[in-house]
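The sequence and structure are shown first.

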Amino acid sequence: MDSPSDSYEQTELPYQVRVEKFEGPLDLLLHLIKKNEINIYDIPIALIAQQYLEYIEAMKDLNLNVAGDFLVMAATLLQIKSKMLLPADEAALDEEDGPDPREELVRRLLEYKTYKEAATRLDGQEKMWREIFSREQPPTEPVETDETLLENVSLFDLVDALQGILDRNPGKKLIEIMPDNLTVRERMNVILELLEGKDSVSFVDLFEQTSHRLVVIVTFLAMLELIRLRVARVFQAEAFGPILVSRAFSLVPDPAELDDVDVEWRGT
């Protein structure tokens, strides 16, 4: 007889969220550099490559459809790692790639970081100009942008937080009875009910009412769908503070878009 954990591993999740709608491989590398408090000019490539691959595996376990760019970057990291393991005399023969195999990666990261920070500053200036120079108009609901939907929080911050929740769930809890009709759409409704009438709730609170690993994962996918549909947003009220979730200004998701997320799971 299969154990509960074996049963979980064999369960196929038919619904996937494409991660490139949220973040890309350079975002993941910058997240790892920040998380490990690493000097971007002196990246310990073996450590970063290992953690990068662990994140890809974690995202696959969460049924996030990892884009090809993530896999290309994984191959690049492994290639750089292999070059750095070469003896000094052999590495010197490879002159065309420069003295440090990390040089091109660092250049790409710095360039990407510069453009991203510039885009954030321009967005902030645009908001300020709209408030100062806009014509008098009837009050309207603010428009949510990708930056406000994921304010100060990245997809990888959410994966970190979720992994902590999953790690705290004892394996024996997997024997609990699976809810009937477990769908992303049903979990989206549960989240919206939790947010009803509240300014925000803790990210962890979304998972308090269940200890079944599969329900936790489907709830996470449901939250990502609410973010994608601009119905919910996640943010941190202060640096290094808890991740919070609140309703966005679009209070009701488009029924046509919901048709694509009405997928049912069975704990078989």
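## Helix 4

The model is predicted. Helix 4 covers residues 68-84, which is 17 residues. From its first C-alpha to its last, helix 4 reaches 25 Å, close to the 24 Å expected at 1.5 Å a residue.

Which residues of helix 4 are buried? They are Phe70, Met73, Ala74, Leu77 and Ile80. Viewed down the axis of helix 4, the buried residues fall within an arc of 125°, so they line one face of the helix. An α-helix has 3.6 residues a turn, so residues three or four places apart point the same way.

## Val72

Val72 also has its place in helix 4. Is Val72 buried or exposed? Val72 is exposed, because its relative accessible area is 52% and the exposed class begins over 50%.

Val72 and Pro25 are 47 residues apart in sequence, and their C-alpha atoms are 8.9 Å apart in space.

## Overall content

The protein has 11 helices and eight strands. It is made up of 268 residues, of which 40% count as buried. Among contacts between residues at least 6 apart in sequence, 76% join residues at least 24 apart.

## Helix 2 and helix 8

Two packed helices are described by the angle between their axes and the distance between the axes. For helix 2 (residues 25-35) and helix 8 (residues 155-168), the axes come within 9 Å and cross at roughly 60°. That angle makes helix 2 oblique to helix 8.

On the helix 2 side, the contact is made by Asp27, Leu28, His31 and Lys35. Helix 8 contributes Phe156, Asp157 and Asp160. Sorted by class, this contact has four charged, two nonpolar and one polar residue.

## Helix 9 and helix 10

Helix 9 (residues 184-195) packs with helix 10 (residues 213-228) at an angle of about 75°, and their axes are 8 Å apart. Helix 9 is therefore roughly perpendicular to helix 10.

Definitions and conventions. Residues are numbered from 1 along each chain as its sequence is written. This is a predicted model: local features need pLDDT of at least 70, side-chain atom pairs count only at pLDDT 80 or more; totals for chains, interfaces and linings use all residues. Side-chain values use heavy atoms; hydrogens and water are left out. Axes are lines fitted to C-alpha atoms, for helices over the stretch in contact, and angles run from 0 to 180 degrees between N-to-C directions. Helices (H or I, at least four residues) and strands (E, at least two) are DSSP runs, numbered from the N terminus. Angles under 35 degrees count as roughly parallel, over 145 as roughly antiparallel, 65 to 115 as roughly perpendicular and the rest as oblique. Contact means heavy atoms within 4.5 Å. Ala, Val, Leu, Ile, Met, Phe, Trp, Tyr, Cys and Pro count as nonpolar, Asp, Glu, Lys and Arg as charged, and the others, Gly among them, as polar. The expected span of a helix is 1.5 Å times one less than its number of residues. Buried means under 20% relative accessible area, exposed over 50%, partly exposed in between (1.4 Å probe, protein chains only). The arc is that of the directions from the helix axis to the C-beta atoms.
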